[in-house]
Amino acid sequence: MTQYLNKQKWAGDEYQYDFPVKIAVFFTDYSPDPQEDKYKAKLIVTNKLDARLEDTRWEFGLRQPYNFRSGQYHPFTAVIEFYVWILLGLEYDKLEKLGGRTYYDKAKQVFLQSTSSIHYFGWDKRKDFLDAQLDKGNDTARELNFFYYSGIFYDSRKEYAT
């Protein structure tokens, strides 16, 4: 999984800093099957600072050998990708006013791919979360987040204009 995630092109290096992501998977159920083993799991994705996203409604099937391909939908990698895009959206909202839109749109694309999967459990809640982020009523909170983190950045540099 680490190799798969590291091979992905997530965001550019425009702001030239590392963006930490920690992913924890807790398997809660396992059903062996000759075709494809079935799993249920809990997922926690965090940026190790101020964002923690948790999903307890994750179901997927896996068969060996595990072969995850970039750009190809898989119910295991899709949920992880969805939350990484959301984390990037939250981060870019800090860097530019409403700057996370590109990454929220990528999360939406992952959701749209999920609609044809037999492992659809939990995607309704993920879509609700994404819709809440993109709701026009949330724009003010996203803008305030940008101004808050901009203030922290400029204060840390101690460059005050008079």
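## Aromatic rings and helix packing: exercises

The charged end of Arg126 is placed over the ring of Trp123, 4.6 Å from its centre. The exercises below concern a predicted model.

**Exercise 1.** Determine where Trp123 is found, whether Trp123 is buried or exposed, and which residues Trp123 is in contact with beyond its neighbours within four places in sequence.

*Solution.* 
1. Trp123 belongs to helix H4, which covers residues 123-134.
2. The relative accessible area of Trp123 is 1%. Buried means under 20%, so Trp123 is buried.
3. With neighbours within four places in sequence set aside, Trp123 is in contact with Tyr73, Ala78, Val79, Phe82, Val110, Phe111 and Ser114.
4. For Leu112 and Trp123, the separation is 11 residues in sequence and 9.6 Å in space, C-alpha to C-alpha.

**Exercise 2.** Classify the ring pairs Phe82 with Tyr83 and Phe153 with Tyr154, and state the exposure of each residue.

*Solution.* 
1. Two rings pair if their centres lie within 6.5 Å, and planes over 60 degrees apart count as edge-to-face. The count by this rule is 16 aromatic pairs.
2. For Phe82 and Tyr83, the ring centres are 5.1 Å apart and the planes stand at 90 degrees, so this pair is edge-to-face.
3. Phe82 has 0% relative accessibility and therefore counts as buried; Tyr83, at 6%, also counts as buried.
4. For Phe153 and Tyr154, the ring centres are 5.0 Å apart and the planes stand at 75 degrees, so this pair is edge-to-face.
5. Phe153 is partly exposed, with a relative accessible area of 40%, and Tyr154 is partly exposed, at 46%.

**Exercise 3.** Name the residues that form one aromatic cluster with Phe27.

*Solution.* The cluster is formed by Phe27 together with Tyr30, Tyr39, Trp58, Phe60 and Phe76.

Notes
Residues are numbered from 1 along each chain as its sequence is written. This is a predicted model: local features need pLDDT of at least 70, side-chain atom pairs count only at pLDDT 80 or more; totals for chains, interfaces and linings use all residues. Side-chain values use heavy atoms; hydrogens and water are left out. Rings of Phe, Tyr and Trp (its six-membered ring) pair if their centres lie within 6.5 Å; planes under 30 degrees apart count as stacked, over 60 as edge-to-face and the rest as tilted. Buried means under 20% relative accessible area, exposed over 50%, partly exposed in between (1.4 Å probe, protein chains only). A charge sits over a ring if NZ of Lys or CZ of Arg is within 6 Å of the ring centre and within 35 degrees of the ring normal. Helices (H or I, at least four residues) and strands (E, at least two) are DSSP runs, numbered from the N terminus. Contact means heavy atoms within 4.5 Å.
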